[in-house]
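Reader: I've got this structure open and I'd like to work through it bit by bit. Could you take my questions as they come?

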Amino acid sequence: MVPKKESVPQRVMYVEDDPDIRAIAEIALQDVGGFTARLCESGAQALDVAPAFGPELVLLDVMMPGMDGPETLRALRELPGMAQVPVIFMTARLQRSEIDEYRALGAAGVIPKPFDPMTLAEQISEILARARMEP
Amino acid sequence: MASQENGDVSEKLAALRQKFLVRASEDIQVLRAYAEQTRRGELSAEGLIQCYQQLHRLAGSAGTFGLPELGVAARALEKKLKSQAEELTETENNHSQTIDVNDGFADGVDALAKLVEVKSEISGQTRAAISRADIFEGSHGMQVSVIVMDSGCEGLASLSAEMARYGFNCQTVDQKVSASVQEVLADTPGAAAILCRDVAVADVMSLRNQATAKGLHRRLPVICIGRDGSFNNKYHLAKLGAFAFFQEPVDIPELAERIESLAIERSASVQGRVLIVEDDTELAEHYCLVLQSAGIEARAVSDPLDLMPTLSSFQPDIVLMDVQIGDYSGVTLARLIRFEPRWLSLPIIYLSSEDDPDNQLEALSKGADEFLMKPVSDDYLVRSVRIRCYRARQLSELMNRDSLTGLLKHSLIKQEVEKELARCRRDGHPSSLVMLDLDHFKQINDTWGHRYGDIVIRTLANLLRNRLRETDMIGRYGGEEFLVVLPHCEVTAAAELVRRIGESFAELEFSAGEGSFQVTLSAGVAAINDFANGDDALEAADQALYQRKRSGRNGVTVHSLQ
């Protein structure tokens, strides 16, 4: 079998309530990672933006006021064209049980916070590569 | 990848970091207000939830902005509040009721505030330092000062000039004018030695002792210069308290070497880390306090089962071991420690009331190094621990450092490159890597012999130590190759710095028998932060050095990304 050319996502959406983290994530994704990034301040905004932006990857903060990360994921999946988009959770509370819980929700992986802006893009591609190996 | 882009990113990151610091301090002010309420017993459930969320945010973000300590501290406090906060969020009842909070919360918040204050100060300082254009002039932590006492007609002026070319900062003062002597002694706190004529030693010693008595200065070693190298003269000088004698004509590299080693000894931290194994917890506590108040890090283990894990996590310089710890014998524990190869050279010292020489000998043969007799006075404990830590560190220095130059060995300086690259990534600052090589070194060895080759290598090592900052790392990479890591230093500044060092070095005249010779050096510079890993950065610096060698040696070439 000829291996399919691995598709690297271009458009990445990051949902995060903390404005400082959004600012640094923008640099980490655009300047360092070379992605086209769209930052959203809440789950609700993400639901508005997603259909037009057409993200190929979504990064979700877990703990947010209003709609939290898992809730946002469930709502996103309902949108047309968003059922298969890979999602990665960003969380400061890294516990085994939690990771399993997010995986069960259909997340491709979890990135612990605080993240390193210089290596965030690498972490993302590692997670996506791993997710492709074990569908 | 263009380096310009990298520069942009690090500038952006630095700006964000600054902004974050401001916001974090504001957040912590809010937390402090809650901490005050806690102390008065007035904290409401809502306040507690607020604190919890605030701390959670800090814990998750501080590390991203290069403040990992703050993140860790916030996480610890977050944990303290966790169960209470979750319970309150779920119960949804009256959130304005006041509640009791875990001890230590308020103090913990104060500690957070301190962390942020310190961080702001430090980042303010580094910015000031970096923006100063003259950062490479006189700001190098390792430049060694020497006080030259000369009444004007003693001909030490040319010696001062010579020493200055080796990178020393020479302060000349007339020892007959006692006021200015006191002034220079007080103003040159970093001095490593006093240099004077042998005939003036008696005067100089008494001046020095006066200053020491007034607390103006540490007791500086006095090095004297003279023509009379007879046994009687040297004995006389030793009796007066001189530290060393150099006969004229002075062997300058050797004098430089001697002063350099004095400076290194002085700056070497004699503080250390001590693990105390003692089942009497009160006594252990007392030892810890005594040692800590003397600036020595100390930790106590009362249960031998904790011994091995604590050794790995604490990594002490020495172990103080009680002879009997409950049912366990200290002698056997010492032997058990030696089961692990990494602890084979860890000094273990017994704390013992055992004064029977036979029993002591048995303990020594089983792996302990020495005895300290109980009861130990506080003062004696501090002094003996300090000396032993110092020796232990010297020993590990010996293992890590090149014997000819005292610089880091090949493998260690390579590790430093990797470590610096990681720091660049984390903090977004630029750093440089310099590969230095002596020109036509083989000819020096062939013409003048290896003894002179060694002198040249040692001289360059000393010059580098003198001219670079304390935070720069210098290693001997190969025979006549040196590797220097310059943190927080752009390549252009690094190239300029190295160019000037190269000029100074080329001016030095090495005398060998009747003849004399001069040596030049070539250097290649690369920006560590431009590369994906340390090996690539090394390769780039090496390529730049190679280019420099091909285009005529004696100078600096910067690696360009193409």
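Reader: Which residue in β3(A) does Val15(A) stand opposite?
Author: Before we start: this is a predicted model, in which local features need pLDDT of at least 70, side-chain atom pairs count only at pLDDT 80 or more, and totals for chains, interfaces and linings use all residues. Residues are numbered from 1 along each chain as its sequence is written, while chains are lettered from A and ligands numbered from 1 in the order in which they are written. Val15(A) belongs to the residues 11-15 of β1(A), a strand that runs parallel to β3(A) and is joined to it by four bridges (strands are DSSP runs of E, at least two residues, and helices are runs of H or I, at least four, numbered from the N terminus). Standing opposite Val15(A) in β3(A) is Leu60(A).

Reader: How many of the five residues of β3(A) are buried?
Author: Leu57(A), Leu59(A) and Asp61(A) cover one face, Val58(A) and Leu60(A) the other, and all are buried (20 or more other C-beta atoms within 10 Å of the residue's own; 12 or fewer is exposed, in between is partly exposed, with C-beta atoms placed from the backbone). The strand, residues 57-61, is therefore largely enclosed by the rest of the structure, with the buried count being five of the five.

Reader: Which strands stand at the edges of the chain A sheet?
Author: The sheet is open, has parallel pairing, and puts its five strands in the order β2-β1-β3-β4-β5. Two of these have a single partner strand each, so one side of each lacks a neighbour in the sheet: β2 (36-40) and β5 (109-112) of chain A.

Reader: What angle does the direction of α5(A) make with that of β5(A)?
Author: β4(A), residues 87-91, and β5(A) pair in the parallel sense over four bridges, and Thr91(A) stands opposite Pro112(A). Helix α5 (residues 120-133) of chain A packs on the sheet and touches β4 and β5 (residues touch, or are in contact, if their C-beta atoms, placed from the backbone, lie within 7 Å). Angles run from 0 to 180 degrees between N-to-C directions, with axes fitted to C-alpha atoms, for helices over the stretch in contact. For α5(A) against β5(A), the angle is about 160°.

Reader: How far apart are the axes of α2(A) and α3(A)?
Author: The two helices, residues 43-53 and 69-78, pack at an angle of about 20°. They are therefore roughly parallel (under 35 degrees; over 145 is roughly antiparallel, 65 to 115 roughly perpendicular, the rest oblique). The contact is made by Gly43(A), Ala46(A), Leu47(A) and Ala50(A) on α2(A), and by Glu71(A), Thr72(A), Ala75(A) and Leu76(A) on α3(A). As for the axes, they lie 10 Å apart.

Reader: On to chain B: which strands stand at the edges of its five-strand sheet?
Author: This open sheet also has parallel pairing, in the order β7-β6-β8-β11-β12. Two strands have a single partner strand each, so one side of each has no neighbour in the sheet: β7 (297-301) and β12 (370-373) of chain B.

Reader: What angle does α11(B) make with β6(B)?
Author: β6(B), residues 273-277, and β7(B) pair in the parallel sense over five bridges, and the bridge partner of Val274(B) is Ala298(B). Helix α10 (residues 281-293) of chain B lies across β6 and β7, at about 170° to β7(B). Helix α11 (residues 307-314) of chain B touches β6 and β7 too, and its direction makes with that of β6(B) an angle of about 175°.

Reader: Does Leu115(B) count as buried, partly exposed or exposed, and what is its class here?
Author: Leu115(B) sits in helix α4 (residues 105-131) of chain B. Leaving out residues up to four places away in sequence, it touches Glu69(B), Leu70(B) and Ala73(B). With 19 C-beta neighbours inside 10 Å, Leu115(B) counts as partly exposed.

Reader: How many residues does the contact take from chain B?
Author: Chain A contributes 17 residues to the contact between the chains. From chain B, the number is 20 residues.

Notes. Two residues are in contact if their C-beta atoms, placed from the backbone, lie within 7 Å. Two strands pair if DSSP finds at least two bridges between them.
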